Structures are given as structure tokens and as C-alpha cells.
Amino acid sequence: MTQGNSNVNPKQSAEDDAYEKAITAYQFHVERYNTWMNYYSIFVGALFLAYYSIKPDSNSEFILSVITIVGLISSACWLASFKGYYSWLLSWTQVIQFHEKRIIDNDDKLRVYTLISKNILEQNGFSTQKITRAFINVIILAWLVLIGFELYKINNNQCVSIFVPIVIALILICLFNIPAWKKCLFSNIDSKFVDIKDLEAH
């Protein structure tokens with residue numbers, strides 16, 4: 001009596017297993033992405049609600065100022081997390097597409113993730129990633145305006161109320177774009193990133 005799995009190619013089985021694990025990891029990352037984006041949006045929304053719910057008077061200026069600062073920091077963290085999670089989603093998508101190319105040689109219709117990517121490009125659909133990023137940037141801009149407004153109420157100096165938000169905005173731009181600054185916020189790629197070229201070498 002022959003065993004049912006006697007004809008299974010060990011290499012093919014390992015490749016199938018790697019493909020399934022890549023999809024599982026991708027889906028898990030998508031769930032985490034959605035969870036953390038929801039946390040940030042709820043928290044920032046609660047701060048906006050708190051800001052507009054507090055009656056402005058001499059006793060509440062400090063609290064309102066703190067809310068705007070916390071709101072700005074939270075929104076900046078939201079944007080950074082969004083960019084980080086999106087980079088990892090792209091990485092896992094590339095890993096899945098690599099395994100699809102390796103396992104499914106003849107029929108492009110069976111390469112699910114590759115097919116989805118091609119269909120999106122052909123249909124010119126709206127990018128939820130770009131829309132979300134633009135939305136978060138608008139939220140950050142709103143917090144900067146509110147910070148300037150609070151500064152104006154405190155010192156009645158229009159120059160200060162304009163200059164300080166601009167300086168903060170420039171600092172954020174540098175933090176997100178200058179490699180030497182943003183490196184401290186990056187993930188440890190050496191220990192996590194899967195390089196497609198390394199996979200193809202095996």
C-alpha cells in the first residue's frame with residue numbers, strides 16, 4: 001500500500017507553505033494597520049471634540065493649548081505610522097507576488113495578488129493611501145492653525161502666532177524627509193525586511 005503523500009515534491013511543498021505563510025502575514029498586517037489607524041483617528045477626533053467643547057476663558061487657555069500640542073503630536077505620529085505600515089504592506093505584497101510567480105508559471109489569472117494589482121492600475125482607481133495621507137496632512141495643518149490661534153489669544157502678537165506654527169511645520173517636514181533625522185524612527189530593516197533579490201537567489 002502506497003502512502004498518499006509519496007509523490008509530493010518536498011521543494012514544491014515548502015514553496016506552497018511559504019506562499020500561504022506570506023498571505024497569512026499580509027492579512028495579519030492589514031488587520032493591525034486598520035486597527036492602529038482607527039485608534040489614531042478616534043483619539044485625534046476626541047481631541048478635536050474636547051477642544052471645541054471647552055468654553056474659552058482665562059482659566060482654560062492652558063488646557064486648550066495643551067490639547068492643540070497633543071493633537072499635533074498625535075497627528076504627526078499618525079502620519080508616521082501610516083507611512084510605516086503602508087511600506088510593510090507593499091513589502092508583503094511583493095513577497096506574495098514573488099511566490100505566485102514561482103509557483104504559478106502558466107496562468108496569470110491564478111496569481112490573485114498580481115492580478116488585483118494589475119486591475120487597479122488599469123482601472124485608474126482612487127488611491128486610498130494617497131487620500132488618507134492627504135487627510136492626515138490636513139489634520140496636521142488644522143492643529144498648526146489652532147496652535148497659532150491659541151498663541152494669538154495668549155500674547156496678542158500676530159507675528160508670533162504665525163512664526164511659531166511655520167517653524168513647527170518646517171521641523172515636521174525635516175523630520176519626515178531628512179534621512180539623518182528620520183532614521184531614528186525607522187524600523188530595523190535588517191532584521192525584518194525580506195529582500196526579493198535574496199529570495200530569487202535561492
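The count of disulfides (pairs of cysteine sulfur atoms within 2.5 Å) comes to zero. The model is predicted, so local features need pLDDT of at least 70 and side-chain atom pairs count only at pLDDT 80 or more, while totals for chains, interfaces and linings use all residues. Residues are numbered from 1 along each chain as its sequence is written, and side-chain values use heavy atoms, with hydrogens and water left out.

**Cysteines**

- Cys-77 is partly exposed, at 36% relative accessibility; buried means under 20% relative accessible area, exposed over 50%, and partly exposed in between (1.4 Å probe, protein chains only).
- Cys-159 counts as exposed, because its relative accessibility is 61%.

**Aromatic pairs**

- The structure holds seven aromatic pairs; rings of Phe, Tyr and Trp (its six-membered ring) pair if their centres lie within 6.5 Å, and planes under 30 degrees apart count as stacked, over 60 as edge-to-face and the rest as tilted.
- One of the pairs is Tyr-33 with Phe-82, which is tilted, at 6.3 Å centre to centre and 40° between the planes.
- This pair links distant parts of the chain, 49 residues apart: Tyr-33 is in helix α1 (residues 10-53) and Phe-82 is in helix α2 (residues 61-103). Helices (H or I, at least four residues) are DSSP runs, numbered from the N terminus.
- Both Tyr-33 and Phe-82 are buried.
- Trp-36 and Tyr-39 form an edge-to-face pair, because their planes stand at 90°, with the ring centres 5.5 Å apart.
- Trp-36 and Tyr-39 are three residues apart in helix α1, so about one helical turn separates them.
- Trp-36 is partly exposed, with a relative accessible area of 39%, and Tyr-39 is partly exposed at 49% relative accessibility.
- A cluster of Tyr-33, Phe-82, Tyr-85 and Tyr-86 is linked by ring pairs.

**Helix α4**

- Helix α4 (residues 128-155) has 28 residues and reaches 41 Å from its first C-alpha to its last, close to the expected 40 Å. The expected span is 1.5 Å times one less than the number of residues.
- Buried residues in α4 include Ile-136, Ile-140, Trp-143 and Leu-144.
- Asn-156 follows α4 and has a positive phi, near 55°.

**Nonpolar patch**

- Helix α2 gives the most to a nonpolar patch, with four residues.
- Ile-63 lies in helix α2 and is partly exposed, at 42% relative accessibility.

Terms used
Helix = DSSP H or I, 4+ residues; strand = E, 2+ residues; numbered from the N terminus.
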